[in-house]
Amino acid sequence: MTALTDVVAFGCLLAGAALCLTAGLGLVRFPDVLSRMHAGTKPQVLGVLLVMIGAAIRLDGWANVWMLLLVAAFQLLTAPVSAHLISRVAYRRRHVRRDLLLVDEYGGPGHQDQRYRGDEPGDAPPEGYPAP
């Protein structure tokens, strides 16, 4: 039975490490803020949860399992909140490529920003417009 649990734990640890690696690569390789945010939260949370499951299977004692459950719970609570705040700040600072957005819920129906195309600093004037 211990050989089976070791194999399952190793599989969870390996899959979790692979997902965390893909999250890190996505943060480096993706072009815009929203894509990077997605890459940094979705596979990272699942990767950390798989690592916690693998460690809980392999470690002995309930004290270790409760500690790993707390880590997993905090990861599940903080990652979506931080991703939401990052996306709101990026949208308000105009670091989002608005031409790639399918729906712009913050701008309202039919809202198209004619001055700012996206991915420029919020305090910089757009191209073709004089500085205020």
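I take contact to mean heavy atoms within 4.5 Å. With that rule I looked up leucine 101, and leucine 101 touches Leu34, Tyr91 and Val96, not counting residues up to four places away in sequence.

**Ground rules**

I am working on a predicted model, where local features need pLDDT of at least 70, side-chain atom pairs count only at pLDDT 80 or more, and totals for chains, interfaces and linings use all residues. I number residues from 1 along each chain as its sequence is written, and side-chain values use heavy atoms, with hydrogens and water left out.

**Overall layout**

I counted three helices and zero strands in the protein chain. Helices (H or I, at least four residues) and strands (E, at least two) are DSSP runs, numbered from the N terminus. From the N terminus on, I read the order as α-α-α.

I then looked up burial, where buried means under 20% relative accessible area, exposed over 50%, and partly exposed in between (1.4 Å probe, protein chains only). Of the 132 residues of the protein chain, 25% count as buried. The chain exposes about 9,300 Å², and carbon and sulfur atoms supply 67% of that area. Accessible areas come from the Shrake-Rupley method with a 1.4 Å probe; for residues, only the protein chains shown count as cover.

I also checked how far contacts reach along the sequence. Among contacts between residues at least 6 apart in sequence, 52% join residues at least 24 apart.

**Segment after helix 3**

I placed leucine 101 in the segment after helix 3. Leucine 101 is partly exposed, at a relative accessible area of 27%. From leucine 101 to leucine 34 I noted 9.8 Å, C-alpha to C-alpha, for residues 67 apart in sequence.

Valine 96 lies in the segment after helix 3 too. I have valine 96 as buried, with a relative accessible area of 2%.

I looked up alanine 90, which lies in helix 3. Alanine 90 counts as buried at 6% relative accessibility. Alanine 90 and leucine 34 are 56 residues apart in sequence and 8.2 Å apart in space, C-alpha to C-alpha. Leaving aside neighbours within four places in sequence, I found alanine 90 in contact with Val33, His95 and Val96.

Serine 87 lies in helix 3 and is buried, with a relative accessible area of 17%. Not counting residues up to four places away in sequence, serine 87 touches Leu34 and Met37. The side chain of serine 87 reaches the backbone oxygen of histidine 84 at 2.7 Å.

**Loop between helices 1 and 2**

I found aspartate 32 in the loop between helix 1 (2–29) and helix 2. Is aspartate 32 buried or exposed? Aspartate 32 is buried, with a relative accessible area of 8%. Its side chain makes a polar contact with the side chain of serine 35 at 2.6 Å. A polar contact is a pair of N or O atoms within 3.5 Å; within protein, one must be able to donate a hydrogen and the other to accept it, and residues adjacent in sequence count only if both atoms are side-chain atoms.

**Nonpolar core**

I looked up the largest nonpolar core, and its five residues are Val48, Met52, Ala55, Leu68 and Ala72. Helix 2 (33–58) and helix 3 (62–92) each supply at least two residues of this core, and helix 2 gives the most, with three. Such a core is a set of buried Ala, Val, Leu, Ile, Met, Phe, Trp, Tyr and Cys residues joined through side-chain atoms within 4.5 Å. In soluble globular proteins, nonpolar side chains tend to be buried together. Leaving aside neighbours within four places in sequence, valine 48 is in contact with Cys20 and Gln75.

**Salt bridge**

How many salt bridges does the structure hold? I found one. Arginine 58 pairs with aspartate 6, the closest N and O atoms being 3.5 Å apart. Arginine 58 lies in helix 2 and aspartate 6 in helix 1, so the pair ties together parts that are 52 residues apart in sequence. The cut-off is a side-chain nitrogen of Lys or Arg within 4 Å of a carboxyl oxygen of Asp or Glu. Aspartate 6 is partly exposed, at 32% relative accessible area.
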